[in-house]
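Let's take a walk through this one together. Have the sequence and the 3D view open side by side, and we'll go from charged pairs to strands.

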Amino acid sequence: MSDAIQNAGNHDIAGREFLAFTLGKEEYGIDILKVQEIRGYEAVTRIANAPEFIKGVINLRGIIIPVVDMRIKFNLGDPVYDQFTVVIILNINGRVVGMVVDSVSDVTTLMPEQVKPAPEMGTAFSTEYMIGLGTIDERMLILVDIDKLMSSPEMGLIDKLAA
């Protein structure tokens, strides 16, 4: 990737706020503007023949929304549902989707110099869904392009919802 493209990408991030959350031992960050609300985990209604990572649906003030368990999606071991487990309610292109994560820590503002390009690795989490790596002192946030991830064909959420 050329420096011009890389720097242009970082300017999009300049001063943006990210919600930090954990999945397993890693910390991730998503654009706070995509977050509608954060709720404690509650039982979901399973949908027959849905992929395993789609836990089911919940009724959010009269709106039925799908709930995705990111730990199952990225093969991060058996998910444990406890008092720290939360559902981040996202608004992706006008569609509301829930995302189960281990916990939410804080909201962080990242400056361009704090965001590094994501290295190419053979990980469970494809780098095509990564904006980069955010560095805050000793912490490192894996910055996720949540729009791209949730509307990807492998998730099958946004297309199916739009139908």
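What follows looks at salt bridges, then at a set of paired strands, and lastly at one serine.

Keep in mind that this is a predicted model. Start with the charged side chains: the count comes to 9 salt bridges. One of them brings together Glu37 and Arg39, with N to O at 3.5 Å. Is Glu37 buried or exposed? Glu37 counts as buried because its relative accessible area is 19%, and the cut-off for buried is under 20%.

Now find Asp102 and Arg71. Their salt bridge has its closest N and O atoms 2.7 Å apart. Asp102 sits in the loop between strand 7 (95-101) and strand 8 (103-110), while Arg71 belongs to helix 2 (residues 70-73), so this pair links distant parts of the chain, 31 residues apart. Both Asp102 and Arg71 are buried.

Asp106 is in strand 8 and Arg139 is in strand 11 (residues 139-144), so the bridge ties together parts 33 residues apart in sequence. How covered are the two partners? Asp106 has 29% relative accessibility and is therefore partly exposed; Arg139, at 26%, is partly exposed too.

Together they make a hairpin with 2 residues between the strands, and in the turn Asp137 has a positive phi of about 50 degrees.

How many residues of strand 10 are buried? In strand 10 (residues 130-136), 5 of the 7 residues are buried, so the strand is mostly covered.

Finish with Ser152, in the loop between helix 3 (146-150) and helix 4 (158-162). Ser152 counts as buried because its relative accessibility is 5%. Where does its side chain go? The Ser152 side chain reaches the backbone oxygen of Leu149, at 2.8 Å.

How values were computed: Residues are numbered from 1 along each chain as its sequence is written. This is a predicted model: local features need pLDDT of at least 70, side-chain atom pairs count only at pLDDT 80 or more; totals for chains, interfaces and linings use all residues. Side-chain values use heavy atoms; hydrogens and water are left out. A salt bridge is a side-chain nitrogen of Lys or Arg within 4 Å of a carboxyl oxygen of Asp or Glu. Buried means under 20% relative accessible area, exposed over 50%, partly exposed in between (1.4 Å probe, protein chains only). Helices (H or I, at least four residues) and strands (E, at least two) are DSSP runs, numbered from the N terminus. A polar contact is a pair of N or O atoms within 3.5 Å; within protein, one must be able to donate a hydrogen and the other to accept it, and residues adjacent in sequence count only if both atoms are side-chain atoms. Two strands pair if DSSP finds at least two bridges between them.
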